[in-house]
Amino acid sequence: GSGIVVRRNPTIGAGPGGARGAEWLRLISGNPARGPVRLAVMGGDAHAEVDRIAIGLYDISGRSLWRDERRGRAGQWLEIEIDPRAIAPPLSAGVYFLRVQRRADAASRPVILVR
C-alpha cells in the first residue's frame with residue numbers, strides 16, 4: 001500500500017491548534033507515535049472550491065522519505081493517516097519532520113516514532 005489513509009472529517013477542529021499560527025494543521029495522533037501518524041488539514045482558499053495539499057515526511061537531515069498530494073475542500077478538515085511501516089523502506093524509531101503545504105501556506109511538525 002501507499003501508507004496513507006484519507007478521510008473527510010468536519011469535527012476535527014476541536015482541541016489545540018498548530019504552532020506558529022498554522023491553525024489549519026493539527027497533529028491528532030500521539031507524539032511520540034507508536035503506530036500511524038494522524039494529522040488534519042483544513043482546506044483553505046474560500047475562493048477555490050478545491051485546494052492542493054502537499055504532504056512530506058523528512059529525516060533530520062532534510063532528506064525526503066515520503067511525499068503525497070491530496071485535494072481538500074475550503075472550510076473542511078481532511079484527516080490523513082500515515083503508516084510509517086507501510087513506507088518503503090519502513091521507517092525506524094527516531095525523529096522526523098512532517099511538512100504540509102497548502103497554496104502559499106506551509107507548516108512543519110516534528111514527529112517522534114517509537115517502537
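A nonpolar core here means a set of buried Ala, Val, Leu, Ile, Met, Phe, Trp, Tyr and Cys residues joined through side-chain atoms within 4.5 Å. Keep in mind that this is a predicted model.

Q: Which residues touch the most other members of the largest nonpolar core?
A: That core has 26 residues, and the ones touching the most other members are W24, L39, V41, I55, I82, L98 and V100. Strands 3 (37–42), 4 (50–58), 5 (64–73), 6 (77–82), 7 (94–102) and 8 (105–113) are the elements that give two or more residues to this core. Strand 3 has the largest share, with five residues.

Q: What is W24 in contact with, once neighbours within four places in sequence are left aside?
A: Quite a list: A40, V41, M42, W77, V100, R102, D105, A106 and A107.

Q: Why is R102 called buried?
A: Buried means under 20% relative accessible area. R102 comes in at 9%, so it counts as buried. This arginine lies in strand 7.

Q: What does R102 touch, not counting residues up to four places away in sequence?
A: R102 touches W24, M42, G43, G44, D51, R52 and I53. With M42 there's a specific detail: the side chain of R102 reaches the backbone oxygen of M42 at 2.8 Å.

Q: What makes R102 and D105 a salt bridge?
A: The cut-off is 4 Å between a side-chain nitrogen of Lys or Arg and a carboxyl oxygen of Asp or Glu. For R102 and D105 the closest N and O atoms are 2.7 Å apart, so the pair qualifies. Side chains of opposite charge can pair when their charged atoms come close.

Q: How many salt bridges does the structure hold?
A: Seven. One of them joins R52 and E69, with the closest N and O atoms 2.9 Å apart. R52 lies in strand 4 and E69 in strand 5, so this pair ties together parts 17 residues apart in sequence. R52, at 34% relative accessibility, counts as partly exposed, and E69 gets that label at 41%.

Q: What makes R26 and E23 a salt bridge?
A: Their closest N and O atoms are 3.6 Å apart. The cut-off is within 4 Å, so the pair counts. As for the labels, R26 is buried, at 9% relative accessible area, whereas E23 is partly exposed, at 43%.

Q: Which residues form a nonpolar patch on the surface?
A: I60, V95, F97 and I112, with about 340 Å² of accessible area together.

Terms used. Residues numbered from 1 in each chain as written. Predicted model: local features only at pLDDT ≥ 70, side-chain atom pairs only at ≥ 80, totals over all residues. Heavy atoms only, no water. Buried < 20%, exposed > 50% of the residue type's maximum accessible area, 1.4 Å probe, protein only. Helix = DSSP H or I, 4+ residues; strand = E, 2+ residues; numbered from the N terminus. Contact = heavy atoms within 4.5 Å. Polar contact = N/O pair within 3.5 Å; in protein donor to acceptor, adjacent residues only side chain to side chain. Patch = residues over 30% accessible without salt bridge, like charges linked within 9 Å, V, L, I, M, F, W, Y side chains within 5 Å. Areas by Shrake-Rupley, 256 points an atom, 1.4 Å probe, with all protein chains shown as cover.
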